[in-house]
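Biologist: I have not looked at this one before. Can you walk me through a few spots?
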Amino acid sequence: MDRQQSQVLRVKNSGMLSNNGSPVMEDKEEEMTRSVLSAFRAKEEEIERKKMEVKEKVQAHLGRVEEETKRLAEIREELHALADPMRKEVSIVRKKIDLANRELKPLGLTCQKKEKEYKEALEAFNEKNREKAQLLVKLTEMVNESERMRMKKLQELSKNIDSLQ
C-alpha cells in the first residue's frame, strides 16, 4: 500500500514537472501511470480472489451448519424417544445452532453490501482514470498547438528581420 502511495505521489509530482512540455517527462508520467494502474489491477485481482475465498468459506460453513442442524434435530428426536437425561443439553446446543444461523444471515448481507460498495468504488476510479486520460490528450494538443503557433510567429519575425537587411 505504501508503494502504491509513493507511486501516486511520483505521478503527481511528475505531473507538476511536465508543464515544460518535455516529451521525456510525459513518457515518464505515462510509464508511472501505467505502473500505478498495473499495481491497482494486481491488488484488485487479489481482493477479488480473497473475496471469493471468503465467500466459499461462508458457503461451506452454511452447508455444515445446516447439516449439523438436521443431525441435531434427529438426535433430539431420538433422545426424546428414549427419554434420555441429555435432552436438556441437546436442546441448549440446538438453540445455539439456531442462534448461529440467525447471525450468519446478516453477515451474508454485509458481504453482499461490501461487494456492491467495492464495485461502485471501482467504477468511480475507472471513470476518473478515463477523465484523466482525456485531460492528458487535451493538454498534449494544447501544447502542440502552442508550439506550432510560436514557431510560425518566429518564422514571421525572422522573415521581417531578413527583409530589413
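**A few spots in the model**

Modeller: Thr-33 lies in helix 2, residues 23-82. Helices here are DSSP runs of H or I with at least four residues, numbered from the N terminus. This is a predicted model, where local features need pLDDT of at least 70, side-chain atom pairs count only at pLDDT 80 or more, and totals for chains, interfaces and linings use all residues. Residues are numbered from 1 along each chain as its sequence is written, and side-chain values use heavy atoms, with hydrogens and water left out.

Biologist: Is Thr-33 buried or exposed?

Modeller: Thr-33 counts as buried because its relative accessibility is 15%. Buried means under 20% relative accessible area, exposed over 50%, and partly exposed in between, with a 1.4 Å probe and protein chains only.

Biologist: What does its side chain make a polar contact with?

Modeller: The side chain of Lys-132, at 3.1 Å from that of Thr-33. A polar contact is a pair of N or O atoms within 3.5 Å; within protein, one must be able to donate a hydrogen and the other to accept it, and residues adjacent in sequence count only if both atoms are side-chain atoms.

Biologist: New topic. Where is Leu-157?

Modeller: Leu-157 is in helix 3, residues 87-164.

Biologist: Why does Leu-157 count as partly exposed?

Modeller: Because its relative accessibility is 42%.

Note on methods:
Helix = DSSP H or I, 4+ residues; strand = E, 2+ residues; numbered from the N terminus.
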